Amino acid sequence: LLSTSGDVITNYHVVKGYSSVAVIFKPTIEGKEPTRDEIKLGQVIKYDEVADLALVKVSEIPVGRSPIRLGDSSEIAIGSDVHAIGHPTGEAWTYTTGVISQYRQAYEWQSGEEDIKHKADIIQTQTPINPGNSGGPLISDGGTLIGVNSFKAAGEGLNFAVSVDDVKKFLARTGNRLGKISNSAKKAECTPKEISRF
């Protein structure tokens, strides 16, 4: 949650193909199941296929919820402690911690079955993340948002978050930014071939 007006940041691949999504706010009582009052309808306002970011707007925020402050790239230092909150493999609101391994600028990647080539400044971290952490916050020791957890690579401790600088650029930009189809995806396209004609 980025603002009291209901702006929510997440990954594009989390909301891809949807214009309306459910936004579930964490219950104030630890371990309690969310009620109807904590589930709000959100509209996908804009997205960035390249940086894999999306902005969702909810019309109403449950009482007692405060937006997270955006951090600064100066808080991204190798060896600094960072924290993640997400829903790894469906386990709700799971907290993990680790350190920043590297800050990679203009990093390119292609994740999962997506055909889009992504590019952004990313934070490589040892903070454990898994499918379900996507779109969740990477938080500095000072409690600010410094990244959006986005993907992991094969191997141990290779986890990546889109940096707060790219988040700020995305928020400042108007409209959607579309990505380019990767060359490997182009090669995989099927073309019709006539076998016979009767």
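Before you click on anything, here is the burial scale: buried means under 20% relative accessible area, exposed means over 50%, and partly exposed is in between (1.4 Å probe, protein chains only). You are looking at a predicted model, where local features need pLDDT of at least 70 and side-chain atom pairs count only at pLDDT 80 or more, while totals for chains, interfaces and linings use all residues. Residues are numbered from 1 along each chain as its sequence is written, and side-chain values use heavy atoms, with hydrogens and water left out.

**Stop one: salt bridges**

Select Lys57 and Asp7. They form a salt bridge (a side-chain nitrogen of Lys or Arg within 4 Å of a carboxyl oxygen of Asp or Glu), with the closest N and O atoms 3.1 Å apart. The partners sit 50 residues apart, Lys57 in strand β4 and Asp7 in strand β1; helices (H or I, at least four residues) and strands (E, at least two) are DSSP runs, numbered from the N terminus. Lys57 counts as partly exposed because its relative accessibility is 31%, whereas Asp7, at 19%, is buried.

Now pick Lys26 and Glu30, whose side chains meet in a salt bridge at 3.0 Å, N to O. Lys26 is partly exposed at 28%, and Glu30 is exposed at 64%.

Next, show Arg65 and Glu38, another salt bridge, at 3.7 Å, N to O. Arg65 is in the loop between β4 and β5, and Glu38 is in the loop between β2 and β3 (39-48), 27 residues apart. Glu38 is buried, at 10% relative accessibility.

Finish here with Asp48, Arg173 and Arg177, which are linked in a network of salt bridges. The structure holds 7 salt bridges.

**Stop two: the nonpolar core**

Select Ile9, Leu53, Trp109 and Ala120. Of the 15 residues in the largest nonpolar core, these touch the most other members. Such a core is a set of buried Ala, Val, Leu, Ile, Met, Phe, Trp, Tyr and Cys residues joined through side-chain atoms within 4.5 Å. β4 (53-58), β7 (118-125), β9, β10 (159-163) and α2 (164-172) each supply at least two residues, and β9 gives the most, with 3.

Then centre on Leu53. Leaving aside neighbours within four places in sequence, Leu53 is in contact (heavy atoms within 4.5 Å) with residues including Tyr12, Tyr47, Val148, Val162 and Phe170.
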